[in-house]
Amino acid sequence: MSRPRIPYNPLTRTGRVLWCMALAAFSAVLMLFWSPAHADDSEALRAESPYFAVNSSEPGTDRLPLKSTDVNVKIAGVIADVTVTQHYRNEGQRPIEARYVFPGSTQAAVHAMTVKLGGRVLTARIKEKEQARIEYQAAKREGKTSALLEQRRPNVFEMNVANILPGDDVAVELRYTELLRPTDAQYGFVFPTVVGPRYNSPSAAAHNGGAIGGAYLKQGTASNAPLTLRVVLDTPLPVRAVASPSHEVMIDGIGSTHAAVSLKPSEQPANNRDFILNYRLAGDRIEAGLVLYRGTPDDGDEGGAENFFLAMVEPPKAVAPREINPRDYIFVVDISGSMHGYPLETAKVLLRNLIGGLRPSDTFNVMLFSGSNRMLAPASVPATRANIEQAIRTINEMGGGGSTEIVPALKRVAALPKAEEVSRSVIFVTDGYVSVEAEVFRLIRQNLNQFNVFSFGIGTSVNRHLIEGMARAGQGEAFIVTKPEQAAAQAERLRRIIETPVLTQVKASFEGIDAYDVEPLQLPDVLGGRPVVVFGKWRGEWAGKFVLEGRAADGPYRQVLTALPDGQGPSALRQLWARQRIAALSDQEALEGGSTQKAQITELGLRYSLLTPYTSFIAVDQRVRNSNPSQTQPVDQPSPLPEGVSNHAIGAEVPSTPEPGAIAALLVVLGIVIAGVWPSRRRRRKE
Amino acid sequence: MATAFIATHPLGRWQARCEALSPLAWLGLQAAALWPHWRWAGARLADGSDDPLGLAALAALGLWVAQREPLLRGSPRRAWAFASAAVTIMATLALFFLPPLLGAVLAVLALAAGLRSVMPSGQPWLPVAGLAVLALPVVSSLQFYAGYPLRVVTAEISTWVLQLAGLAAERSGTAMLVEGELVIVDAPCSGVQMVWMAYFCACAVAAFSGLRDRAMLARLPLVGLLVLAGNVLRNSVLVTLEAQQASVSEAVHQGVGLVVLLAVCGAVVAVMRGGRDAQA
């Protein structure tokens, strides 16, 4: 039985044309007035992601002006002299201003910067920070090529280069010196290549003036600015073993006093993790000794030349641990988003080794923190097998996510009750991607009578300023674990250190020398394998001795150092002493809050030509090169993410599978409906 | 008899004038009575809180009515007219007691019943009522109420599919961990938009093809299954790509989504047309 036909009239040819026109008009109205932000939520979410923050929309503007970074390192004895040259080139059609955030060593004393432009060399001057900024802005407005180097944090620098004209190749060269402090007779040099994205809590952001680390490339995206690096070692004893746990290197001169190391060409990017070079000298001893530098009028010191000394003393070997008092260990583990993946897995290995190695007389607790924190138990529990297994189960279950609220975690640790006779050690495990270092140091210092702090930095490019600063403030030691396979060894090293401090009640004195401005003012306990390092100034003729005394595990300890009085040591001692003093003042400022040490730090920075929180390097070309500086495009040079750090760390959107845009989908469906209905209309017309 | 009465009495003259009005005018009056609901829908559309997809359904409905306008009855069917009046009253009362969306659904159903009362026999009502409901701003509400379950179901079935394909996949809530990569099935991935598109497609094809209500009702569950299968397919393909590449471009997302939507809606048309063609 056929259904009754519908007696309606088909559209005429004119009607069909009008109908198509109406449909087209309808589609056009949708396209014009339908806000895409409302049409597709996924679009809106993507637009808020923070990566690839390139401001320029000009098609011809070069988005990535940093072309290469060349690093030359000369290590003489225990002092490294590092020259970093960065080439910027504008391959676009309009002048640009390049902004680039990059890392430095925590111990670096940045003392010189030059800008090479078109065969000319501009030597930067050290200026008070605000003054340098004003001069830079003025030069930028006037169309002069200029460069400004500022210290964002002790190990994070920001380079601004204004008025890079199309076709310009600008080479910015900065120099710093660094003291290499050996551990277990092994020397280590570290060149950080990338700043890890730091978590900025809302309160910290207000103090820091915004995010740290600038723009980032997405996970797995390599930078197009290659890194070349060459290290030359000149040592008093033959170099016995050289290795890089971070990169593949080519080594020449093993067994001689002159060795050279360079990066092996590789398809893999070299600039997404710290470059680490370890070496030993023949004899397996720390190069202990006393080095003098006699100042000259060329140093530019006001009020006469100054003389400097550096003493490095190898401590006694550790003896077997004796019966010691029960100890309490609080393990504080960062489980924030940046720890997601390999860092957290490494932390688990580390904790399993640490906790598994505790003695039954020890007590311990575990705190896991990210945006909030939680404890394994309300109070510390004995390190019994059952408790250790429970802790390891808890650790195995944790996953990375959320922010890095380290300050509340620290406050909670400080508030934990503790018996007086118990020695408490707090072991922080984190990548340090936060920006509240000063507050952390202050809290640790305020609670020094409660605990010692040992900090484990885990990751390929951890925030060493935080990790080392925590240990310094907490009179403990810092450990950096860049690979999972290092975790067990570092855990063993920590346990050895905690069990057997090799030298306590350490004092440095001088016989027959007018020494002053000695750094550090108080020497901490000496833990296994680390030398005692003392900087200072001296007056008059050097005709005396440097004496180090303390109490070792097997009785009183005394070591006397003498030096040749010729004062022919490296001039870098000036900057290294000043850097040490600035670090001490900065720690003091962090403790007191505000800018209490600003005047002294600024004075030291200007006097010794050092980059500090209050001084910057500025170089200005006196020629006006850009006739229309208002058209200059600012370009944020994105950095690669540290190896092993996922997009979670920069709050990047987790991949999802959104549906197609509504407009396109609707047009597809309308087409299908028309195609579906049309045959029946034609059939009916025929009938 | 009645004609003589109308001709001589004022009330009768008014009745005659009323009967002379176009059925669409009556429907217009009914729509005017339900104005608060349209105002709410318009406001929701204008403030961007919902996708304006409903305009397409409204346009399709308008086109369908315009085509059949010459066939409209002068006097409404009593049963449908009563039903329409009752639902209109319910919609009005809903202004005080129910959420606006439910009130608006009652309002469009009242209007659809009114339309049905003046339509000639043999005309489908269900697809018309469906188009009327789809004309409302329902997508964000669907997303709110049905989005999460759809996401869970999609993620779960996608996980099975990927496991069958030999990939390491597991679901946690509406997130999937595939080959170590975390991919989430969030609100824009739920498939709610595909649900709207597929039912719009079904209603529009059924309405313009004259598919009977009973036949359409029997086929609607199949539409739901097609949507679910399509969304699982789309999600599985994209999750696999996300898990194997550092990032998947927007064009790939769009392309895969549109191809799957095309296939799903094509199948919906085939389902709706199949019976019609056979009957024809």
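In what order do the three strands of the open sheet in chain B stand, and is their pairing parallel or antiparallel? The order is β1-β2-β3, and the pairing is antiparallel. Strands here are DSSP runs of E with at least two residues, helices are runs of H or I with at least four residues, and both are numbered from the N terminus; two strands pair if DSSP finds at least two bridges between them.

The model is predicted, so local features need pLDDT of at least 70 and side-chain atom pairs count only at pLDDT 80 or more, whereas totals for chains, interfaces and linings use all residues. Residues are numbered from 1 along each chain as its sequence is written, chains are lettered from A and ligands numbered from 1 in the order in which they are written, and side-chain values use heavy atoms, with hydrogens and water left out.

Within the sheet of chain B, β1 (169-172) and β3 (181-184) stand at the edges; each has a single partner strand, so one side of each lacks a neighbour in the sheet. Neighbouring strands are turned by 25° against each other on average, direction ignored. Four bridges join β1(B) to the antiparallel β2(B), residues 175-178, and B:Ala169 has B:Val178 in β2(B) as its bridge partner.

Two helices of chain B meet this sheet. Helix α9 (residues 139-164) packs on it, touching β1 and β2 of chain B, and its direction makes about 165° with that of β1(B). Contact means heavy atoms within 4.5 Å, and axes are lines fitted to C-alpha atoms, for helices over the stretch in contact, with angles from 0 to 180 degrees between N-to-C directions. Helix α11 (residues 213-244) lies across β2 and β3 of chain B, at about 50° to β2(B).

β16(A) pairs with β17(A), residues 307-313, in the antiparallel sense over five bridges; A:Leu290 has A:Ala311 in β17(A) as its bridge partner.

A:His247 lies in the loop between β12 (239-243) and β13 (249-252) of chain A. This histidine is buried, with a relative accessible area of 8%. Residues that A:His247 touches, not counting those up to four places away in sequence, include A:Leu263 and A:Phe275.

How values were computed. Buried < 20%, exposed > 50% of the residue type's maximum accessible area, 1.4 Å probe, protein only.
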